[in-house]
Amino acid sequence: MAGMKPAHGKRPAPSRPAPSRPPPSLLAGVDLNLLLALDALLSERSVTRAAQRLGQTQSSLSHTLRRLRALLGDPLFVKTPKGMQPTALAAELGPPLRRALAEIEGALRSRPRFDPATSTRHFTIASSDYGTLLLVPRLMARLSRLAPGLSIAVRATIERSVEELCAGQLDLLLGAVPPQPADILGRRLLADRFVCLLRREHPVLRAGLTLERYVELGHVLISPMGVGATWVDPVLERLGLSRRIALRVPQYLAAPHVVAQTDLVLTIAERVAHALRGSLPLCEVPPPVDIPGFSISAYWHAQRQDDAGHRFLREQLFAVAAEVEAG
């Protein structure tokens with residue numbers, strides 16, 4: 001009713017017009033091959049010669065010309081005793097079209113080339129301690145000789161590492177990763193098996209490390225996430241056995257030092273055992289139960305497959321892995 005105010009004394013907010021959207025680009029619906037065809041026709045003034053220039057059949061180019069006429073709403077060319085002559089629109093389009101195509105071709109030809117000796121590219125790799133310990137030192141040694149300007153950031157693998165790889169936040173992912181989406185490519189790097197490390201004067205070594213003694217001992221478990229089991233535990237479970245985890249550590253480095261000063265046992269990848277035991281008073285023995293071996297691979301997104309710099313990095317990593325596997 002006249003004179004009445006809106007509830008709560010507030011005036012209704014004036015309606016705002018919806019924001020206008022920019023008109024769609026004409027190129028959004030254009031096959032750029034049509035523009036190449038138009039340029040060839042303007043240059044040759046003959047369907048036959050233009051088709052030869054483009055590596056097409058005459059009938060194929062005639063079909064393309066029909067598409068161009070429908071797209072632009074103009075006949076574009078008319079037959080005369082002197083051959084095909086462009087219409088006013090076609091003649092007007094010719095010079096800017098030629099310049100645009102020349103710029104595109106120039107941009108493609110002048111794209112930066114990857115030169116390992118001078119490149120300063122940066123790459124990010126996610127890796128388990130295993131890959132970091134065994135592969136990264138050798139990889140950096142190779143890069144220091146072949147590509148001294150490259151830099152590498154190594155991150156620990158996490159649950160989201162595959163997502164980061166897909167999002168372009170990682171260049172490579174190293175590890176024992178389960179099957180991935182089709183756009184993730186991979187290559188096996190290393191295979192390994194398990195051994196047990198004990199201190200050299202461990203009393204169990206006199207009689208031998210039997211399965212019974214193995215499960216009675218306290219174990220050191222290397223667990224980057226702080227939880228979970230390893231390849232060992234499912235094997236023991238199938239036998240109706242379990243082990244006692246006395247210590248979990250997130251990295252490889254501390255574990256051999258702990259074992260060297262205690263009666264704990266560490267079940268660890270053989271290559272890592274060789275790399276870490278060094279001068280420590282440790283003894284390496286086979287596990288008293290058959291533990292399946294494992295392998296690690298390198299994974300990358302398909303978008304990186306043909307990137308020259310990424311390909312160079314992969315080749316160096318593959319070469320390093322071959323050196324490690326050869327011993």
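Helices (H or I, at least four residues) and strands (E, at least two) are DSSP runs, numbered from the N terminus. With that in hand, let's start touring. This is a predicted model, in which local features need pLDDT of at least 70, side-chain atom pairs count only at pLDDT 80 or more, and totals for chains, interfaces and linings use all residues. Residues are numbered from 1 along each chain as its sequence is written, and side-chain values use heavy atoms, with hydrogens and water left out.

**Stop 1: two loops**

Select Leu76, in the loop between helix 3 (58-72) and strand 1 (77-80). Its phi is near 70°, a positive value in a residue other than glycine. Is Leu76 buried or exposed? At 0% relative accessibility, Leu76 counts as buried (buried means under 20% relative accessible area, exposed over 50%, partly exposed in between, with a 1.4 Å probe and protein chains only).

Now go to Arg45, in the loop between helix 1 and helix 2 (47-54). Arg45 also has a positive phi for a residue other than glycine, near 55°. Arg45 is partly exposed, its relative accessible area being 34%.

**Stop 2: helix 1 against helix 4**

Show helix 1 (residues 32-44) and helix 4 (residues 88-109): their axes come within 10 Å and cross at roughly 115°. Axes here are lines fitted to C-alpha atoms, for helices over the stretch in contact, and angles run from 0 to 180 degrees between N-to-C directions. For the contact (heavy atoms within 4.5 Å), pick Leu35, Leu36, Leu38, Asp39 and Leu42 of helix 1 with Ala90, Leu93, Gly94, Leu97, Arg98 and Leu101 of helix 4.

**Stop 3**

Next, display the open sheet with strand order 4-3-5-12-6 and mixed pairing; two strands pair if DSSP finds at least two bridges between them. At the edges are strand 4 and strand 6 (184-192), each pairing on one side only. Inside the sheet, strand 5 (residues 172-175) runs antiparallel to strand 12 (residues 294-301), joined by three bridges. Click on Gly175 to find its bridge partner in strand 12, Ser297.

**Stop 4: the largest nonpolar core**

A nonpolar core is a set of buried Ala, Val, Leu, Ile, Met, Phe, Trp, Tyr and Cys residues joined through side-chain atoms within 4.5 Å. The largest one has 58 residues, and those with the most contacts inside it are Tyr130, Leu135, Leu189 and Ile268. Helix 13 gives the most to this core, with seven residues. Centre on Leu135: leaving aside neighbours within four places in sequence, its contacts include Leu174, Leu189, Ile296, Leu317 and Val324.

**Stop 5: helix 6**

In helix 6 (residues 136-146), select the buried residues Val136, Leu139, Arg142 and Leu143. Looking down the axis of helix 6, you will find these within an arc of 125°, so they line one face of the helix (the arc is that of the directions from the helix axis to the C-beta atoms). Their cover includes strand 3 (122-127), helix 5 (129-134), strand 4 (151-156) and helix 13 (308-326).

**Stop 6: strand 8**

Finish at strand 8 (residues 218-222), where five of five residues are buried. Gly218, Val220 and Ile222 lie on one side, with His219 and Leu221 on the other. Strand 8 runs parallel to strand 9 (residues 244-249), joined by five bridges, and Leu221 stands opposite Arg248 there. Strand 8 also pairs in the parallel sense with strand 10 (residues 265-269), over two bridges; Val220 has Leu266 as its bridge partner in strand 10.
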